[in-house]
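Trainee: I have a structure to get to know. Can you walk me through parts of it?
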Amino acid sequence: MALCSSVSLFPLLFSLLLLLFSASSSANHDSVSFSFPLRSLPLSAQKPPKTNPKLRSLSSASYNVKLLFKYSMALVVTLPIGTPPQHQQMVLDTGSQLSWIQCHNKTPPTASFDPSLSSSFYVIPCTHPLCKPRVPDFTLPTTCDQNRLCHYSYFYADGTYAEGNLVREKLTFSPSQTTPPLTLGCATESSDARGILGMNLGRLSFPSQAQITKFSYCVPTRKPQPGNLPTGSFYIGNNPNSARFRYVNMLTFSQSQRMPNLDPLAYTVPMQGIRIGGKRLNINPSVFRPDASGSGQTMIDSGSEFTFLVDQAYDRVREEVVRVVGPRIKKGYVYGGVADMCFDDSARETVGRLIGDVVLEFEKGVEIVVPKERVLADVGGGVHCVGIGRSERLGAASNIIGNIHQQNVWVEFDLANHRVGFGEADCSRS
């Protein structure tokens, strides 16, 4: 999620794009800011709950959990939080670290989490080591609220936000399968009705805290019918389909390699090139790798709707699109302030056919193929856009592979072996 804090904004300015693109579809869209009056919950610090020795902690070495999610612009999974579990909607986001849930009631009411109903809920006090401004990998400042509880604030790049208390809570998948107590945000104020499941490489991410070494998801194709969201699959642990996946090694970065524009907690992959309609574009592979400043990093981000490219790559893509369908582009139209290859609905099928398949190339011959039927995304208002935007307009310096280009592909994050796997699939049936 795109976070505004005292740290460099560049590695973080992309992960709340699903909210950015929920804005109006008129030309030259601006991001939308939300504001709610502050109010507090009567949370109180208490002793951490005792652990039941009969409960087994979730580990992908021993457990496999399959969950389903709904897909629109985001991957929304329903998770069992607390003891007994309360089901909470959370956005599956490989670009975020801290997970947070809704802990307040809105009008109209949402299915927020009620801490008083969970025996495993624990509010982190100000004296806890986590409630310090310089915890490694978690650099957002925290403060003490009036009840001496640890308060956090997340302000995102598009004007949205979440704030509340840091807490510890479990995910209870069954009476015998539960995670260890996890540090979460318990949002008393937010501008979205759902929480976030932070899945990156940070120490406070869900995989790190729950000791999960492998997870995967399969994003289904979108359906044009409103109100009928397609369903995808999310595995925690081993995936029975993984035998046919093809893997690339993740790029990892040591402490000494930290650079101002680099996000060391992202899933960075070795992208090498792009083909459009069978033509390999003239893009130097170094454009997809971090340079001395960290610019050019290529990452997999389930929390971003569109794919974003740095200028050297975006310009070549746009040149090719203009070459084959230039006269049909909507002049002066920029969707969300970042995507300017857009067309009227009447030209959609012709444009898709003329552009052809788009292929993202990685090391070892691994590819993500976007068929011509899915090259254009419906952004509303009778407009369709190529699902690629310019990173610079986000204030980012990275290449970001969004969920629109992960449709009908298994994406597996094998953390133990530092690799990412891809496998074509009909995700509506997986």
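Predicted model: local features only at pLDDT ≥ 70, side-chain atom pairs only at ≥ 80, totals over all residues.

Trainee: In what order do the four strands of the open sheet come?
Mentor: The order is β19-β18-β23-β24, with antiparallel pairing.

Trainee: Which strands stand at the edges?
Mentor: Those are β19 (279-280) and β24 (367-370). Each has a single partner strand, so one side of each has no neighbour in the sheet.

Trainee: And how many bridges join β18 and β23?
Mentor: Five bridges, between residues 271-276 of β18 and residues 358-362 of β23. In that pairing, M271 stands opposite F362.

Trainee: Now helix α3. Which of its residues are buried?
Mentor: A313, Y314, V317, E320, V321 and V325 are buried in α3. They lie on the same side of the helix, because they cover an arc of only 130° around the axis.

Trainee: Why would residues a few places apart point the same way?
Mentor: An α-helix has 3.6 residues a turn, so residues three or four places apart point the same way.

Trainee: What covers the buried residues of α3?
Mentor: The cover includes β18 and β19 from the sheet, and also β21, β22, α4 and β27.

Trainee: Switching to F422: buried or exposed?
Mentor: F422 counts as buried, because its relative accessibility is 6% and the cut-off for buried is under 20%. Its place is in strand β30, residues 419-424.

Notes:
Residues numbered from 1 in each chain as written. Heavy atoms only, no water. Pairing = 2+ DSSP bridges. Helix = DSSP H or I, 4+ residues; strand = E, 2+ residues; numbered from the N terminus. Buried < 20%, exposed > 50% of the residue type's maximum accessible area, 1.4 Å probe, protein only. Arc of directions from axis to C-beta. Contact = heavy atoms within 4.5 Å.
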